[in-house]
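Welcome, and thanks for taking a look at this model with us. Below is a short tour, arranged by topic, to read alongside the view.

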Amino acid sequence: MSIDFTLSDEQKALRQNARAFAEAILSQVKATIAPFAQPEDRFYATKPFYQKMVDAGFLKALLPEAYGGTAMSTLDFALAAEELARIDVNVPSALLATGLGIIPIARFGTDEQKKRFLPDFAGSDAKLAALAFTEVTGGANFDCPDPRFGVQTFAIRDGDEYVINGEKHYTTNGTGWDGTTCHLYTVTCRTDPAKGPDESLAMIVVPGSAPGIEVVGFLDTLGHRATVSPRIRFNNVRVPVSNLLGAPGDGKRILEQTFAWTAALIGAASTGVMRAAFEIAYQFARTDCRSGPAPIIGYQNVGFMLADLKMRIEASRYLTWKACHRLDESDFEDVELAVTAKVYCSELAVQVVYDAMRLVGVDSYTQLHPLGELMQDALCFPLYDGGNMGARRRQLHEMFLKDDYDPLGSCGG
């Protein structure tokens, strides 16, 4: 049996179209957001770019065909994500955050729920969704078996409704485009304060129009400067019981598969940022003499550094491709490679950007140089979507502890 990394004609066209879109459209994001001091204003300024992504079909790609989408595979989405992130991480992050909000519905919703919520995102409007996951006290122990801890956002049943109270951090997209609410939230909560996550952890869909949703603050991040990270408070928010995905206790499995999807795609985004850093360093080496007689690319040390950067990019790309392929092939049941790709590629991105900065020198450590900005963006990858320390402990380590864990599973998968 052969291993073939050859892209189909359709995949080549997808990659080329995404590259052209990024270079023509997303290349304008940096200048557009530059005048704005506040993170929310920078985010609002990206709406026209997000709208162009919707127009280009990137939002429909997240949806099943039966509900108006084009059902793009995770692997194909990764081909596009690498090209987009090479130019800008902000607008693609808004798209991925919308995916975090709607993927749980697409994968775990009933047909009635899918018909009710998903077609809204198949139209021409620049709609946003959000996953309201991280507690103000942190998300690392969201599944703590002791019900006194973990998720403290509660959805208490009252007749035919759930009443939701709690506060969330880092609810990307949660402000919508007008600073109030986004179109839809998928909220991680517990349905009983006295029961642990195996019995009570749940995912409930909350329309942005529901009364009681409040934006109470913004976090200004070092990188991803136009990605909004608000704190959202749910104040006696009432939704029908029929908005519950699955049953109480299904929340951990839903989250595992949802975060596996973005984990694999963060591998692609990390690869895109590495490519951007390499291209900057390579162009610098070919053109800058550093007051010497010839461009520095002629020096052996520079050539060796560039070779190391390029090898890491290639390794990152193919691990990401395999992770996405395995996720699609297993219908999201085998998430090990997705988590591995997120951890490995995100940490590698930080090293690649730093080594590109070392090659360029101290000029790269200024606001005037693009590598400094890329470093700020790269530093986010190992920290968000659960964080790599948590991913190692909660996902990879938990797999290793299972009696039926197969060490060769990913090698043969």
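This is a predicted model: local features need pLDDT of at least 70, side-chain atom pairs count only at pLDDT 80 or more; totals for chains, interfaces and linings use all residues.

Residues are numbered from 1 along each chain as its sequence is written, and side-chain values use heavy atoms, with hydrogens and water left out.

- Ala71 is not a glycine, yet its phi is positive, about 50°.
- Ala71 sits in the loop between helix H4 (47-55) and helix H5 (74-87); helices (H or I, at least four residues) and strands (E, at least two) are DSSP runs, numbered from the N terminus.
- His224, a residue other than glycine, also has a positive phi, near 45°.
- The loop between strand E6 (213-218) and strand E7 (230-240) holds His224, which counts as buried at 3% relative accessibility.

**Helix H11**

- Helix H11 covers residues 336-360, and at 1.5 Å a residue its 25 residues should span 36 Å, which agrees with the 36 Å between its end C-alpha atoms; the expected span is 1.5 Å times one less than the number of residues.
- Of the 25 residues in H11, 19 are buried, so the helix is mostly covered.
- Gly361 follows H11 and has a positive phi, near 100°.

**Pockets**

- The largest pocket holds about 830 Å³ of space. On a 1 Å grid over the protein atoms alone, a pocket is an open set of points with protein on both sides within 12 Å along at least five of seven lines, while a cavity is a set where a 1.4 Å probe fits but cannot get out; lining residues have an atom within 4 Å of a point. Grid points are joined across faces, edges and corners, and a volume is the space filled by probe spheres set on the points.
- Its lining has 33 residues, and those nearest the centre are Tyr170, Cys380, Leu383, Tyr384 and Asp385.
- Helix H6 (90-108), strand E1 (129-132), helix H9 (251-287) and helix H12 (370-380) each supply at least two residues of this lining, and H6 gives the most, with 4 residues.
- The lining of the largest pocket divides into 15 nonpolar, 16 polar and 2 charged residues, where Ala, Val, Leu, Ile, Met, Phe, Trp, Tyr, Cys and Pro count as nonpolar, Asp, Glu, Lys and Arg as charged, and the others, Gly among them, as polar.
- The second largest pocket has a volume of about 620 Å³; 30 residues line it, and Glu256, Val335, Gln395, Met399 and Lys402 are the closest to its centre.
- By class, the lining of the second largest pocket has 11 nonpolar, 6 polar and 13 charged residues.

**Cavities**

- There are 2 cavities of 30 Å³ or more.
- The largest cavity, about 110 Å³ in volume, is lined by 14 residues, with Ala85, Pro92, Ser93, Leu96 and Ala269 closest to its centre.
- H5, H6 and H9 each give two or more residues to the lining of the largest cavity, which divides into 12 nonpolar, 1 polar and 1 charged.
- The second largest cavity has a volume of about 30 Å³, and His224 is one of its lining residues.
- H12 gives the most to the lining of the second largest cavity, with 3 residues.

**Cysteines**

- The structure holds 0 disulfides, a disulfide being a pair of cysteine sulfur atoms within 2.5 Å.
- Cys380 is partly exposed at 22% relative accessibility, and its sulfur is 15 Å from the closest cysteine sulfur, in Cys345, too far for a bond.
- Cys182 is buried, at 4% relative accessibility, and its sulfur is 15 Å from the closest cysteine sulfur, in Cys189, again too far for a bond.

**Aromatic rings**

- The count comes to 14 aromatic pairs: rings of Phe, Tyr and Trp (its six-membered ring) pair if their centres lie within 6.5 Å, with planes under 30 degrees apart counted as stacked, over 60 as edge-to-face and the rest as tilted.
- Phe5 and Tyr318 make a tilted pair, because their ring centres are 5.0 Å apart and their planes lie at 45°.
- Phe43, Tyr44, Tyr50 and Trp177 form one aromatic cluster.

How values were computed. Buried means under 20% relative accessible area, exposed over 50%, partly exposed in between (1.4 Å probe, protein chains only).
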